[in-house]
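This report describes a single protein chain for a reader who is new to structural analysis. Please keep the sequence and the structure in view while reading.

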Amino acid sequence: MIINKLIDFSIRRPNTIITLFGVLSLICLSQIPFLKQVSDVSKLASDDDKIIVLNKKMEGIFGSTRLALITIKNGFNPEQLSKLSQFSKSLEKYPEVTDIISVYSEKYLAGSSGNFEVEDLISSPPTGQQEITELRRKLASFTLYNFSLYHENDLDVTVQFKEGITDPEMFDIINKELAAIGTPKNWTVSGWPMINNSIKGIMDADLFILVPLIFLIITVIFFYLFRSWRGVIVPVLTIGVGIICAIGMMPILGISLNVVSNAIPTLLVAIGTSDGIHYMAKYFHYVPEYKEHRPLLAKATKVIAITILLTSLTTMGGFLSNLLSPVKSIAEFGLITAIGVFMAGAASYLLMPALLTKFPFPKILAEDKKHELIFKSLATNAFNLITRFKYPIAVIWLVFVGLSSYFIQGLVANYSLLGYFHPQHSVVKDAQLVSDTFGGLIEFNLVIDTKKENGLKSSEVLKAIDETINEFKNKYPQDIVFATSLADYIKNMSQAYNGEKEYFRVPRNDDEIAQYLEVYSWSGEVEEDLKYVVNSDYSVGRVYGRFLLQQDENGNPKERVLSYYRQIINKMKQSLENKLGKNITIFQYGELPMWFSTLHNIVDGQIKSVLMAIAVVFIMALPILKSFSLTMIGLIPIAIAIIFNFAFMNIMGINLDIATSLVSAMAIGIGIDDALHFLITFKRILQDKEDYWQALKETMQITGHAIFSTSITLTLGYSAFFFSSFKPLNYFGLLNILTIFMATLATLLAIPTAIAIIKPLKQGKKI
């Protein structure tokens, strides 16, 4: 058999195996510095995703949505206005910056009866209070400037970047120029790219702190379990090889690290730890039967290798099912995790025996026997309980699954960037301040396509847009205070032209609109000044607004669930369609629909991938176990762990999102590993002894110790995630611990109960 030949080779030629894995690890390790990291959710989707394509098209018309929002508290004074002028001029030298929107960039319509002129709001920093008072008067005369250039005593600045620039690049440019003017304390920077960059910073910290911390915890536990350095060094090196090879392949394949793939190292730690504990447990189990090292290694490795190989193949098959996901990041996650699982499995039955040859023959410790006897006693008691009360225990499990399934109802799928941070984090506080002064932080864009030149110069169209905006401001005053369109600019022109506030309205006929635009063109650049609300031929217009952040019961800022925003936008769209008729097309673009689409694809795709993964695992495990009923029993830990995980999330108010949806992958990886270790051991013992109950009892005693040790190790390892300042990782750690606990409990109690009742593999055996 080829596996046995490979094992014999690794024991006879350990240096060759160690060198081979060492060189491969060094090659992959050399690629890790080239690994790119992205935190922007838009990068999780494929470039050909229809929402991404639409966004790029619309941004070509109305400008990039890559915005940094800056609030200057109490900015109406010469010092701050001078710094703003300096800051704006310094940003103009960057080709990455496409626009700086502030009081220095926008226009004022100086009107008189029958005419108006376009002039700058302010051309140079004011030197006295009189000039500042005049600036405030001009701003107050045009309502569209409230929440876009100022609010009360604060100034607003919007910095627009070109598409393609990364969040860290935006962050660095803003911070560099803020430092050049003395990093004023009353300047607050926010916006989704800035928040995304903060997420990236936390991801970096977690990679360099939490993953090593997990390794440290696992190292301590390995030493406690096996009481020898070989019991630490060998499995930890093996786990490291799997992770290094997986992460090192990412830059080679052009895959970036993101909020999805960030879970790969910890997932591989779990799978590698399981294999390592099972291998080392078998290794020390056979020590009393041998006096020489190589026969001991050959025996232990050949007994466990087939199980490790098969669990690796089934786990790989489960993860590779993610390749069918419509979300690029999920497909990449499946591929890279499968590579890591393959390398961890190969290292477990080739590198581990090769490394162990470098150690002397192990001694039998009295403590080891004591631990075995304690767990053997627990397993015996559990076996006696199951065989005596198998039906009541089965009913308890069924009731538990039924209740868990019931509590899954109402689980909310959501994507909340601010929800990723703890309430007192500076990012959350900055977001709240900017939301207050900008009239919101969550942008929305509705496009009105009239499908004809000058269609937006229609009084009927502009009135419908203006009425709809006012209708929704009045209907949702806690959500929408800022929304603008071409109608607002025309209303300002009407007021300036006629010289009376009562004319701040959409004109009654199309000729007036054309007249105002003509007058504007005499002293202003119409196309440039209106570029954010209408295209050059007035066929396509935009309604641009923001949703305010809300407060939770403790007064902390938060976003509403995405479905709430979608409902409002759909209602606004429907209202416009009712007013304008079917000849005009209305659609949305920007961050929100991209979040809607990506979240739906990730969550929906992940659920489908989980179902497909379970199907793949079943198909691959069936030829191994050679029993339909036994294979179905093997899926019990996966099903129980996943169902309980979703129920717990709903009860605790944890949303199903990009991060938490990945816990299912952990349930599959750990669940199938433990189940196959248990069932394959059960088959082997049954074939040797042909006593059904004795085989089940010994299986619980032998594999139970390793499975329980794995669970304790991983539980303590994943507790390191509680130290993260990133809430998704707190949830990820908590949910994984619960998933591991349930998978272990189901393997050690539900599987034996099912075997005791169904009695698979009884043909030709003594029952």
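A residue is called buried if its relative accessible area is under 20%, exposed if that area is over 50%, and partly exposed in between, with a 1.4 Å probe and protein chains only. The model is a predicted one, in which local features need pLDDT of at least 70, side-chain atom pairs count only at pLDDT 80 or more, and totals for chains, interfaces and linings use all residues. Residues are numbered from 1 along each chain as its sequence is written, and side-chain values use heavy atoms, with hydrogens and water left out.

**Overall form**

The protein chain has 767 residues, of which 59% count as buried. It contains 25 helices and 13 strands. Both kinds of element are DSSP runs numbered from the N terminus: helices are H or I runs of at least four residues, and strands are E runs of at least two. The C-alpha trace spans about 105 × 50 × 45 Å along its principal axes.

**Salt bridges**

A salt bridge is defined as a side-chain nitrogen of Lys or Arg within 4 Å of a carboxyl oxygen of Asp or Glu. In the whole structure, 15 salt bridges are found.

| Glutamate 79 | Lysine 83 | 3.7 Å |

Glutamate 79 and lysine 83 both belong to helix H4 (residues 78–91), where they are 4 residues apart, about one turn of the helix. Glutamate 79 is partly exposed, because its relative accessible area is 49%.

Glutamate 528 is partly exposed, with a relative accessible area of 40%. Lysine 531 also counts as partly exposed, at 22% relative accessibility.

**Surface patches**

Patches are made of residues with over 30% relative accessible area and no salt bridge; like charges are joined within 9 Å, and nonpolar side chains (Val, Leu, Ile, Met, Phe, Trp, Tyr) within 5 Å. Accessible areas come from the Shrake-Rupley method with a 1.4 Å probe, and for residues only the protein chains shown count as cover.

Val395, Val399, Leu403, Tyr406, Phe407, Ile651 and Met652 make a nonpolar surface patch of about 710 Å². Helix H13 (390–408) and helix H22 (636–652) are the elements that give two or more residues to this patch. H13 gives the most, with 5 residues. Methionine 652 is in helix H22 and is exposed, because its relative accessible area is 51%.

A patch of positive charge on the surface gathers Arg12, Arg13, Arg294 and Lys358. In this count Lys and Arg are positive and Asp and Glu negative, while His and the chain ends are not counted; the place of a charge is taken as NZ of Lys, CZ of Arg, CG of Asp or CD of Glu. Lysine 358 is in the loop between helix H11 (328–356) and helix H12 (366–388), and it is partly exposed, with a relative accessible area of 49%.

**A hairpin and positive phi angles**

Two strands pair if DSSP finds at least two bridges between them. Strand E3 (residues 107–112) and strand E4 (residues 115–120) pair in the antiparallel sense over 6 bridges. Serine 112 stands opposite asparagine 115 in E4. The hairpin of E3 and E4 has 2 residues between the strands, and glycine 114 there takes a positive phi near 85 degrees.

Most residues other than glycine have a negative phi. Which value does phi of phenylalanine 147 take? It is near 75 degrees, a positive value in a residue other than glycine. Phenylalanine 147 lies in the loop between helix H5 (129–141) and strand E5 (150–151) and is buried, with a relative accessible area of 11%. Lysine 759, in the segment after helix H25 (727–758), also is not a glycine and has a positive phi of about 55 degrees. Lysine 759 counts as partly exposed, because its relative accessibility is 27%.
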